[in-house]
Amino acid sequence: MHTVSKPHANILDTAVLQDVTDGNLRITPEQALRLYHEMPLPELGRWADARCRTLHGDHLRTYVIDRNINYTNVCTAKCTFCAFRRDGHEDDAYTLSYDALKQKVKEIVEIGGTQILMQGGMNPELPLSWYVELLEQLRSEFPTVHIHAFSPPEIIEFINFFNTPGSYLEEQIRFVLTELQNAGLQSIPGGGGEIFAPAVREKIGLGKCTAEVWLLVMRVAHELGMNTSATMMFGHLEGIADRIHHMDLVRSWQDQSIQDFSLDGGGRYVSFIAWPFQPDNTPLGRIPEMTTNDVFPGDIVAKLDGTGHKSMHKDFGRRLRLAGSSSYLRTQALSRLYLDNIYSIGSSWVTMGPAIGQTALMYGANDLGSVMLEENVVSAAGTTWCLDEAKLCRMIREAGFTPAKRDNTYNLLTIHTGDDAPDRRIKDWSVLNKNKLVVHTEDCNNVPLTLSK
Ligand code: SF4
């Protein structure tokens with residue numbers, strides 16, 4: 001664990017940054033804010049890349065083959081950034097049957113997939129026994145598939161809806177997670193993190209758990225031996241200091257989990273991925289964007305310790321600042337340098353598109369995430385990039401690395417050095433996707449998938 005920090009050191013100094021990339025120095029929130037605002041983007045990227053190379057070497061960059069399954073879109077929350085949720089009575093509300101869910105898992109197994117990421121809305125009609133039985137059936141029928149499922153807000157709603165045993169919240173969380181773990185749940189995705197600062201969270205995550213509760217769910221998961229991911233959705237109402245405060249909470253709770261549980265086989269955050277808010281079809285997306293001359297209200301309200309209050313600026317919550325590619329790359333690079341106790345930083349090609357997703361491999365990301373066989377949440381908000389395994393491998397190779405397929409815990413399954421690599425087996429890319437590396441389609445299910453050896 002990195003505990004040394006030098007709050008008075010000049011973080012723009014090369015020797016200081018060299019200590020950071022070597023893992024000998026921890027950046028303070030104030031230094032992170034300075035880096036974000038003052039360091040030119042290519043330079044910040046080079047330092048993030050150096051830190052990534054310290055941890056992951058110069059050669060391999062990874063991806064996983066999993067399937068994103070959204071089992072229900074019925075949700076009692078009303079997050080203003082969400083285009084996916086439905087009330088139970090709406091015509092296009094759905095909950096997938098066990099058979100439909102199993103069919104989806106079968107399909108990902110058939111193309112060499114190793115895990116499913118299963119998340120949904122907070123559906124009050126589904127009792128905890130529905131999830132337990134689902135997990136038991138999936139575990140029994142697909143024993144090799146890693147089940148990565150149910151983000152903290154879903155876990156909290158299981159507790160709220162069903163009178164869960166336990167006299168205080170942590171005990172109830174432990175009860176639910178133990179039930180799910182015994183039924184087959186193996187790790188927890190970081191959905192619902194958004195931005196932790198209360199002033200922002202209260203505006204965007206209506207009906208969703210607080211940051212402290214989100215972090216508590218993950219802590220109990222770590223105690224029970226499960227690994228988790230952490231996420232951040234930015235580029236809406238928040239100030240830059242809010243992004244740093246968010247990363248700071250992840251970093252300090254990770255310190256605590258490592259300290260308290262690692263000697264007893266505990267889990268931890270193994271990855272962090274930040275993605276920009278996708279505005280289409282969302283209530284939040286209807287808020288006007290700031291102009292380039294504006295001082296952004298979110299920056300006035302944001303405080304590095306999370307104590308900002310909406311009353312600090314009259315227009316807070318009334319102006320958006322969407323993240324473009326430079327803001328995205330800057331934020332990701334900073335996360336690599338700041339989160340010195342998290343192994344993997346993921347590129348978000350699903351939201352940024354493959355070109356920026358590939359560039360992100362030079363800005364601190366070591367992992368491209370998954371092929372996209374199906375995605376329903378960001379695609380509901382207007383973003384529908386789809387890539388298969390060959391294209392993911394090609395992106396990694398053209399960025400100067402060797403692609404490697406991994407599992408959920410970042411064990412390497414296949415290192416694609418040979419002529420039989422998924423990308424090298426493609427003789428004619430024009431046949432695969434009409435002369436384009438990128439497929440931009442409304443329906444990811446139509447994208448041809450290549451088989452993995
Ligand atoms: S983001 Fe998740 S919790 Fe929020 S409304 Fe959408 S489905 Fe519900």
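What share of the contacts in the protein chain with a separation of 6 or more comes from residues 24 or more positions apart? The figure is 78%, where a contact is two residues whose C-beta atoms, placed from the backbone, lie within 7 Å. Keep in mind that this is a predicted model: local features need pLDDT of at least 70 and side-chain atom pairs count only at pLDDT 80 or more, while totals for chains, interfaces and linings use all residues. For your selections, residues are numbered from 1 along each chain as its sequence is written.

**Whole chain.** Show the cartoon and you have 17 helices and 15 strands; these are DSSP runs, helices being H or I with at least four residues and strands E with at least two, numbered from the N terminus. The C-alpha trace spans about 60 × 60 × 50 Å along its principal axes. Buried residues make up 50% of the 453 in the chain, with "buried" meaning that 20 or more other C-beta atoms lie within 10 Å of a residue's own.

**The core.** Now select Ile116, Ile147, Ile155, Val217, Phe272, Leu337 and Leu392, which have the most contacts inside the largest nonpolar core, a set of 109 residues. Such a core is made of buried Ala, Val, Leu, Ile, Met, Phe, Trp, Tyr and Cys residues joined through C-beta atoms within 7 Å. Helix H9 (residues 211-223) gives this core its largest share, 7 residues. Zoom in on Leu392: leaving aside neighbours within four places in sequence, Leu392 touches Tyr63, Leu368, Val371, Leu387 and Pro403.

**Helix H6.** Next, pick residues 152-161, where 8 of the 10 residues are buried. Among them are Pro152, Glu154, Ile155 and Phe158. Just after H6, click Asn163, which takes a positive phi of about 45°.

**Around the ligand.** Finally, select the ligand and its shell: Cys75, Ala77, Lys78, Cys79, Cys82, Phe84, Arg85, Gly121, Met122, Pro153 and Lys208, each with its C-beta atom, placed from the backbone, within 6 Å of the ligand. Stop at Cys82, in the loop between strand S3 (78-79) and helix H4 (98-110). Cys82 counts as buried because 23 other C-beta atoms lie within 10 Å. Draw a distance from Cys82 to Pro283: 201 residues apart in sequence, yet 7.7 Å apart in space, C-alpha to C-alpha.

How values were computed:
Buried ≥ 20, exposed ≤ 12 C-beta atoms within 10 Å, placed from the backbone.
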